[in-house]
Amino acid sequence: MTSPELKQAAPLPKGDAQASLDHPVPTPVSVTRPATAKRPPGPVVPAFTQVLTALSPVRIAFDSLKYILENARIYGGLYGIYSGDTATYVVSDPALVHEILVERHSEFHKAQMLRTSVGALLGNGLLTSEDGFWRRQRKLAQPAFHYGRISSYAQTMVQSTRDLIHDWQDGQTRDIAHDMMTLTLDIVTRTLFGTTVKQQAGYIGRLMYVVLEAANDRLNNYYPIWDKLFKHKQRQEHAAIRELTGIVDDIITEHRQHTEDNGDLLSMLMAARDDDGQPMSEQQLRDEVMTLFLAGHETTANALVWALYFVSQNTTVEDRLMREIAPLGNRSPALQDLAQMPYGERVIKEAMRLYPPAAGATREPLHDIQLGGYLLPKGSNIAISSYAIHHNPTLFPDPERFDPERFSPENEPDIPKYAYLPFGGGPRICIGNTFAMMEARLALATIVQGYTLTLAPTQSVRAEQLFTIRPKGGLKMIVRRRAS
Ligand code: HEM
């Protein structure tokens, strides 16, 4: 998916390829076709080109998001990127997405690529586990994410945001991408472990950063040569994982000494029992904690980064947000205010449409399957691109325009099913979606209430797709305190 240079288009299979060109944009309705051995159309990338360009400036210039959209326009809602004897199948037809994530979900596992890049850290946690093991874990973890439970975290979310902006100085230029990462990591650390590790949050954040960057590198450069050339990075990653594991083990041991429920996520996970009355094993607990750590911060950070960016570019949006927040006066937003602040939710949703924080979902079929009239072999790499779906003009007219009104009560019901999926769908839908929306809405309101942000004059904005879709090289913005 992140192939650096894709020069030559594959000879298009006749018939379907032509149909895709005539109707360049995928439609939400897939056509049932007879069984076929035909592979989806798509570009061919010579394997040697990938290796050569892995380390060259071409990779830096390559815009994988643009490439994905171009291919979807040319080939339709299911195409392949072929390189040597490997293929990645990119899906952006909502009907096919529904087929994969919901109707036929038991015929797929997460793609090997995911386990290769984050398996060392996450082990058999919720994000990477499968089948019966995953089902048991999901059942055990689910109660910790019920609304009633996570609503008690609202105050922590606001307090963390206040702590962050407390350090901002009027007129200062800040890397907002870095700030939002710090913020969401602080929130996930406090809500997972309680207040006991507040002092360690910064250190944990730095370790997480090392691991995440290494995983992102691996995702982007999946050639063995990469690991050989950058051995020191691997060593740093392993050291960070060891350190993190030690910290998490200490926290778990410390929690074990208190039998009462401390109200944090870890306490809930520790108290959970399966149908046989069994708790999670020590290893399992650690894997789940690492998973929540990883899955629970970079995504929300990017939702906030893009929301702040779009607000800074749209004065009418900013004015409307301010009018919504005005009744609070100088008081910080709280959970009970959210019902009166629907516009903030629309802003977050629209930011996640334009830049879905999790670039998509990956799957591999457990056997050869027929999908959309094509054959996808067992074990092939499938990438569901929410980015391509969210930018499809037949699903979202004028798709590049930032318009929170797409999510107004009048308009939202018109969005076709599985055309908007920032949190995925089906049984493996994000367990933290309610948590994330609450966090993003409260943090956005708290920041906008205190500061107005403008893009730094030297900052050019380009999104890059790694695990998440984030601004390449960060996002420098000038923060100005609002008159109270
Ligand atoms: C805006 C923020 C977030 C976005 C966009 C997001 C997106 C996603 C997506 C797309 C998936 C499905 C992946 C797939 O099907 O392969 C997922 C799964 C998951 N997310 Fe999130 N997520 C966010 C925040 C969070 C938070 C805050 C947490 C936890 C505190 C979390 C924990 C998880 C976990 C554990 C899974 C795996 C669930 C399972 O397979 O049972 N996420 N997320």
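Which residues in α16 meet α18? In this predicted model, the α16 side of the contact consists of A303, W306, A307, F310 and V311. The α18 side consists of V347, I348, A351, M352 and L354. By class, this contact has 10 nonpolar, no polar and no charged residues. Helix α18 spans residues 342-354. The axes of α16 and α18 lie 9 Å apart, at an angle of about 105 degrees. Angles of 65 to 115 degrees count as roughly perpendicular, so α16 and α18 are roughly perpendicular to each other.

Helix α16 also packs against α10, which covers residues 176-193. Here the angle is about 140 degrees, and the axes are 8 Å apart. The pair α10 and α16 is therefore oblique. Their crossing is right-handed. From α10, the contact takes I176, A177, M180, M181, L183 and T184. From α16, it takes E298, T300, A301, L304, V305 and L308. The contact of α10 with α16 divides into 9 nonpolar, 2 polar and 1 charged residues.

A further helix pair is formed by α6 (residues 112-122) and α15. These helices pack at about 125 degrees, with axes 9 Å apart. Helices α6 and α15 are therefore oblique to each other. On the α6 side, V118, L121 and L122 make the contact. They meet D287, M290, T291 and L294 of α15. The contact of α6 with α15 comprises 5 nonpolar, 1 polar and 1 charged residues.

For R138, a polar side-chain atom lies 2.7 Å from an oxygen atom of the ligand. For L126, the atom concerned is a backbone N or O, 3.3 Å from a ligand oxygen atom. For A295, a backbone N or O atom lies 3.4 Å from a nitrogen atom of the ligand.

Technical notes: Residues numbered from 1 in each chain as written. Predicted model: local features only at pLDDT ≥ 70, side-chain atom pairs only at ≥ 80, totals over all residues. Heavy atoms only, no water. Polar contact = N/O pair within 3.5 Å; in protein donor to acceptor, adjacent residues only side chain to side chain. Axes fitted to C-alpha atoms, helices over the stretch in contact; angles between N-to-C directions. Helix = DSSP H or I, 4+ residues; strand = E, 2+ residues; numbered from the N terminus. Parallel < 35°, antiparallel > 145°, perpendicular 65-115°, else oblique. Left-handed = near helix turned anticlockwise from the far one by under 90°. Contact = heavy atoms within 4.5 Å. Nonpolar A, V, L, I, M, F, W, Y, C, P; charged D, E, K, R; others polar.
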